[in-house]
Amino acid sequence: MRILIVTPYLAYPGADGGGTVMFNVIRNLSVRHEVACVSFARQQDLPYLPQLEPFCVEVTTVPLPGGAGAPPLAKLLNLARRLIHNGPSFATFTPVVVRKCRSRAMAREIRGAIERHKPDVVHICFPQMAHYIEACQGVPAVMDTLDVALVGVFRRAMSARRIWAKAYYLLQWLFWVRYESCWFPLFGKVLTVTHQDAAALKMAIPDLDVYADAIAVDIVTPTAAEPSAAHRIGFLASYGHQPNVDAALYFALSVFPLVRQRLAAAEFVVAGRNPPEALRHAAVNGISCVGFVEDVPTFYSGVDMVVAPIRYGGGIKIKVLEAMACGRPVVTTSIGAEGIAEADEGALMIADDPEDFADAVVALLKDGARRIALGEQARQLVERRFSWRRVMDDLDGIYARLAQVKR
């Protein structure tokens, strides 16, 4: 079959959780189907384009409106547009991120790709791109949410401490409910990565045709942590995603000091582009920032355990799945474990307040045998539930049914 993938930013390994997932979806689909891709892209992401191109018959990029690396005039115009339209955004009940992704050039390129490649199905990634179904010219389309916005934004509102922030995010949540209720029913199938996300969508849009568990990761041969006198705790994330910034600062400021009180040699190793400024200046407190990681398994082989102290957001946490697939023990929150495992399954340690989180981290760092056992349990769970073969078989069935309806 011929599949057209539409993405809000360039898919390549290590970009972030969403970018990595999109890349792996395209890579695995290309084994079975002819894949073309239309994507927004920032200037700094274009050097990674050669990593995606071998898996597509064509990759077309559209400059992200106002994205980093845009010409100065375009940046200035985008800033003016954001200032001018922030008010109308509320007046029109449109989520801010959706307005950012509105582009005539993107709609034009989607229509052009459809004319050139005659796809059987269009696969659109992320909720903020849902309105581009209007450009699909009647071709059946799949909405791949990856992170259901009405779930994540609601949690962001509930976690906000300042009343103005809570009010802002509650309004954004209402906008998302309106937006997703408007556009999602136009898709032949809506994919979510957890049953919780699917249930939330069905509550808002009862007749929606939803498929859950649309997520997988590569299984990696586990390696032992490199020997060291220190106790190394790893956190790998994209800091363009606010829940990851919150998680890193929460662990560094509220949990890690409790760990250091009991294990003075403990180190918190933070990986990923552009970590929060507060972390970059905290190296003297046992925190180090190593920047962008080209090879995720290599990073995980250099730490004793992984933390994912996520306090809000929807979807499944790719960072947790990747660490588990590498055989690393993980301590996370209930939200970080959502859609992956329950505490009584023995594949993750789950704690939702600073003292309990610190207790779990210290217990693992002090017990090497327990770390190995937990890491092996984690890897086995990923092998059972999150294989690419299962996801690709399911997608094949979804695509075939949609294409048959069109005929």
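Colleague: Which residues does I233 touch, not counting those up to four places away in sequence?

Modeller: I233 touches F251, F256, V259, E267, F268, V269, M305, V307, V361 and L365. Contact here means heavy atoms within 4.5 Å. The model is predicted, so local features need pLDDT of at least 70 and side-chain atom pairs count only at pLDDT 80 or more, whereas totals for chains, interfaces and linings use all residues. Residues are numbered from 1 along each chain as its sequence is written, and side-chain values use heavy atoms, with hydrogens and water left out.

Colleague: Which members of the largest nonpolar core touch the most other members?

Modeller: They are I233, V259, F268, V307, M324, I340 and V361, in a core of 100 residues. A nonpolar core is a set of buried Ala, Val, Leu, Ile, Met, Phe, Trp, Tyr and Cys residues joined through side-chain atoms within 4.5 Å. Buried means under 20% relative accessible area, exposed means over 50%, and partly exposed lies in between, with a 1.4 Å probe and protein chains only.

Colleague: And which helix gives the largest share of this core?

Modeller: Helix α9 (residues 242–262) does, with nine residues. Helices (H or I, at least four residues) and strands (E, at least two) are DSSP runs numbered from the N terminus. Another core, of 40 residues, lies apart from the largest one, and A113, I124, V190 and I205 are among its members.

Colleague: Why would such residues group together?

Modeller: In soluble globular proteins, nonpolar side chains tend to be buried together.

Colleague: Turning to the whole chain, how many helices and strands are there?

Modeller: The protein chain has 16 helices and 13 strands. Of its 407 residues, 54% count as buried. Among contacts between residues at least 6 apart in sequence, 66% join residues at least 24 apart. The chain exposes about 17600 Å², of which carbon and sulfur atoms supply 56%; this area comes from the Shrake-Rupley method with a 1.4 Å probe.

Colleague: What is the strand order in the seven-stranded sheet?

Modeller: The order is β3-β2-β1-β4-β5-β6-β7, in an open sheet with parallel pairing. Two strands pair if DSSP finds at least two bridges between them. The edge strands, β3 (58–63) and β7 (210–211), each pair on one side only. Within this sheet, β4 (residues 121–125) and β5 (residues 141–144) are joined in parallel over four bridges. H123 has V142 as its bridge partner in β5.

Colleague: What about the sheet of six strands: which ones stand at its edges?

Modeller: That open, parallel sheet runs β10-β9-β8-β11-β12-β13. At its edges are β10 (287–291) and β13 (349–350), each with a single partner strand, so one side of each is left without a neighbour in the sheet. Strands β8 and β9 run parallel and are joined by six bridges, and H231 has A266 as its bridge partner in β9. Strands β11 (residues 305–308) and β12 (residues 330–332) are also parallel, with three bridges; here V307 stands opposite V331.

Colleague: Why is β9 described as largely enclosed?

Modeller: Five of the six residues of β9 (residues 266–271) are buried, so the rest of the structure largely encloses this strand.

Colleague: Which residues line it?

Modeller: The lining consists of V25, H123, D144, L191, A214, I215, A216, W388, V391 and L395. Helix α16 (residues 388–406) gives the most to this lining, with three residues.

Colleague: Now the loops. Is L146 buried or exposed?

Modeller: L146 is buried, with a relative accessible area of 8%. It is found in the loop between β5 and α6 (149–159) and has a positive phi of about 60°, although it is not a glycine. D213, in the loop between β7 and β8, is not a glycine either and has a positive phi of about 70°. D213 is partly exposed, at 24%.

Colleague: And where is G240 found?

Modeller: G240 is in the loop between β8 (231–236) and α9. This glycine is exposed, with a relative accessible area of 78%. Its C-alpha atom is separated by 9.7 Å from that of P276, 36 residues apart along the chain.

Conventions
On a 1 Å grid over the protein atoms alone, a cavity is a set of points where a 1.4 Å probe fits but cannot get out, and a pocket is an open set with protein on both sides within 12 Å along at least five of seven lines; lining residues have an atom within 4 Å of a point.
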